[in-house]
Amino acid sequence: MDRKRRKTKDFAVEGGSKSKAHPMEFSEDSEEDDPEVIDDCPQHSPINLMVELETLNRKKDVVCLILSYPPFNSFDKERHKSWIMDVLEINHKVRELEASSKGKEINIQKVLSYEITRLMDHSTHDIEDYVPSFIINKMLKKNLVARTPEREVLDLAIDFTVRQILQDLGIPELRRIGISGKDDKSLMSRLMNLPGTKEAFNIVVQVDVSSCCTIGEIEHSIVRKLGLSRSSRQEADELLKSKNFLILLDGFDSGINLYEVGTNWWNSENFQKIVYRCGSLHRFDPTGCCGHLLATTLIARALKGVNDVRIWEYASHILGLQSISQTEDRILFNALTFIRRGLGSADQCLKHCTSYLESSGTDKIDLIGRWVQGTLVGTLDEGEKVVGALVNAFLLESSQKGNSIRMRHEICVELINLYETEMNPILVKLDGRGLTEAPKLETWTDVTEMHLMNNKISKLPEYPNCPKLSLLFLQANHHLRVIPPHFFECMPVLKVVDLSQTRIRSLPQSFFKLVQLQKFFLRGCELFMELPQEVGEFHYLEVLDLDGTEIKNLPVSIGKLTNLTCLKVSFYGYNDSDRKNSQSNRIIPQNWISNLLQLKELSIDVNPNNQGWNVIVNDIVKEICSLAKLEALKLYLPEVVLLNDLRNSLSSLKHFRFTVGRHEQRIIS
């Protein structure tokens with residue numbers, strides 16, 4: 001009997017066996033209806049019941065994870081969703097059993113164990129058509145070791161990517177699709193050779209552009225591949241414009257602006273797509289989770305529908321950050337750090353859940369009522385939406401047909417660690433000490449605020465690990481000329497950076513990984529002359545202060561910064577010869593200022609001799625007049641007549657300083 005029961009337990013733990021034998025049917029003389037046999041059976045003890053439940057939950061997590069990837073028509077999603085709800089329900093029953101006085105009643109334990117085993121038999125045959133069963137079985141194991149993916153896994157990833165691209169190709173609004181791979185060019189070949197591809201497009205061409213450094217070189221390579229190198233460029237453009245084409249670019253340099261490739265080829269009446277593969281990974285790499293299934297599922301849910309490459313890269317980066325002293329689960333802690341960034345006001349509701357929700361579940365209406373009472377939400381309907389969003393994000397779980405809400409214990413523990421870190425900041429205040437060197441690496445590890453302004457620092461550490469750093473003040477270090485390339489690499493939650501009055505000329509690429517950046521100060525950096533295009537990726541940026549820099553113009557990408565409330569910029573490094581050599585006469589992108597609907601403070605300081613400003617100032621004034629929330633304005637106006645437009649339109653203006661005419665001393669404030 002012991003041997004048979006041990007086999008039953010192994011069956012439950014593996015969860016991937018296709019045996020149809022029931023745990024109570026391993027012998028012909030099974031006495032499953034005999035209460036005495038049941039009483040003696042150790043497999044229904046509370047401990048074993050929790051082991052069985054843990055195994056079931058792991059299978060549920062695997063199914064949830066796989067279903068979060070590109071949809072397949074053959075997936076019976078409703079069947080899987082119904083099964084997932086049944087699993088959540090059995091979890092609720094087990095928790096109720098633990099909390100009640102009936103926890104030791106063997107008959108109840110037997111019924112629950114039977115239900116758990118029945119749910120473990122849930123068929124995943126439709127999923128196994130795409131994800132081999134041996135991979136699913138590996139995912140079901142409790143501990144996974146991070147290693148280089150096997151060939152089968154890579155083939156599976158390619159298959160998933162191909163299916164995702166085929167789905168994206170059918171979306172009319174998507175003309176350019178970016179993908180990735182690890183030195184595997186078979187992906188593009190598979191796309192090119194699919195039967196449906198050649199049926200849908202008149203022209204299908206695969207081009208290796210890994211050696212191309214400019215837009216012109218890429219376009220020339222495409223034209224040459226089509227056999228049109230002897231034709232004039234205009235003839236090649238007209239041909240492509242008249243056709244349905246699919247252009248596959250292999251080895252594309254992510255530093256090149258794809259939106260400038262083939263600008264003369266597009267025709268809204270035709271079916272035209274460019275698919276490009278970069279050398280770096282643009283999709284989330286699950287190996288960063290080191291086999292942590294819960295973290296993988298959470299990240300997969302958070303990134304669903306996200307097309308911004310930098311956010312995918314940031315997610316992979318943040319998961320690999322080094323351990324933090326207060327956390328038990330580094331990977332889950334890092335995943336939750338990333339996910340909270342996108343929750344907005346729902347984060348406060350989530351914080352409330354860590355201290356209020358009961359382990360066995362809390363009534364949803366009661367929970368939302370407390371949110372309303374605490375002014376976390378305004379109405380019950382708003383609370384319903386927040387609950388739905390948090391459940392969909394896998395941060396909360398619902399049961400009893402959605403009426404009971406709970407939070408996983410491991411998620412609750414790490415969220416509490418996160419919130420405690422914010423409530424107990426560690427401040428390093430070393431301003432005005434005459435320091436010539438930055439603090440040693442170990443000083444940076446647990447700090448949340450670093451104050452190093454008004455010193456004589458000339459060198460910063462190469463690669464500080466700052467998982468908690470949110471505020472960094474380096475202003476007035478006049479000897480600081482260069483920031484190390486990887487300095488900002490491990491600062492995932494940095495929100496405020498002040499580099500004012502330093503002698504830096506440029507920003508390292510690692511700076512543009514600060515996707516949570518909200519305030520950036522670069523005042524008085526007279527050697528700083530060019531703002532990179534990547535600044536447009538700071539979607540949460542509220543304050544951008546470039547007053548006193550020598551920049552020549554603002555990049556077009558700055559139009560993405562629609563959350564700005566304060567913008568200060570000066571154009572004193574600009575002259576007419578630069579304007580003549582530029583592709584555009586505009587030092588500020590057209591129709592950009594009018595999109596800054598949240599702007600409250602605007603300062604544009606211009607050299608009165610700057611002819612580039614005189615060309616666009618009328619347009620800029622019209623755009624400024626549309627800013628309903630603007631309260632403070634500093635502006636140079638070459639003609640006094642422009643004041644009338646501003647005076648008549650900006651009723652919200654409280655503070656202003658205008659320089660009018662050709663001489664700077666003509667100031668109205």
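**A covered strand and its surroundings**

Reply: Happy to. Strand β15, residues 601-606, is mostly covered, with 5 of its 6 residues buried. Buried here means under 20% relative accessible area, exposed means over 50%, and partly exposed lies in between, using a 1.4 Å probe and protein chains only. Before we go on, please keep in mind that this is a predicted model, in which local features need pLDDT of at least 70 and side-chain atom pairs count only at pLDDT 80 or more, while totals for chains, interfaces and linings use all residues. Residues are numbered from 1 along each chain as its sequence is written, and side-chain values use heavy atoms, with hydrogens and water left out.

Now to the partners of β15. Strand β14 (residues 566-571) runs parallel to β15, and 6 bridges join them; two strands count as a pair if DSSP finds at least two bridges between them. To find this pairing on your screen, look for Ser-570, whose bridge partner in β15 is Asp-605. Strand β16 (residues 632-637) also pairs with β15 in the parallel sense, over 4 bridges. As for the labels, helices (H or I, at least four residues) and strands (E, at least two) are DSSP runs numbered from the N terminus.

Next, a pair of helices from this part of the chain. Two packed helices are described by the angle between their axes and the distance between the axes. For helix α22 (residues 611-624) and helix α23 (residues 642-649), the angle is about 10° and the axes are 9 Å apart. The axes are lines fitted to C-alpha atoms, for helices over the stretch in contact, and angles run from 0 to 180 degrees between N-to-C directions. That angle makes α22 roughly parallel to α23; the cut-offs are under 35 degrees for roughly parallel, over 145 for roughly antiparallel, 65 to 115 for roughly perpendicular, and oblique for the rest. On the α22 side, the contact is made by Val-617, Asn-618, Val-621 and Ile-624, and on the α23 side by Leu-642, Asp-645 and Leu-646. Contact means heavy atoms within 4.5 Å. These residues divide into 5 nonpolar, 1 polar and 1 charged, where Ala, Val, Leu, Ile, Met, Phe, Trp, Tyr, Cys and Pro count as nonpolar, Asp, Glu, Lys and Arg as charged, and the others, Gly among them, as polar.

Helix α16 (residues 346-356) and helix α17 (residues 364-373) have axes that come within 11 Å and cross at roughly 120°, which makes α16 oblique to α17. Cys-349, His-352, Cys-353 and Tyr-356 of α16 meet Asp-366, Leu-367, Arg-370 and Trp-371 of α17. By type, the residues of this contact are 5 nonpolar, 1 polar and 2 charged.

Strand β7 (residues 404-406) is joined to β6 by 3 bridges, and Ser-399 stands opposite Ser-404 in β7.

Asn-454 has phi near 60°, a positive value in a residue other than glycine, and its place is in the loop between β9 (449-451) and β10 (471-473). With a relative accessible area of 47%, Asn-454 is partly exposed. Ala-476 likewise has a positive phi near 60° and lies in the loop between β10 and β11 (496-498), but it counts as buried at 8% relative accessibility.

Zooming out, the protein has 23 helices and 18 strands, and buried residues make up 49% of its 669 residues.
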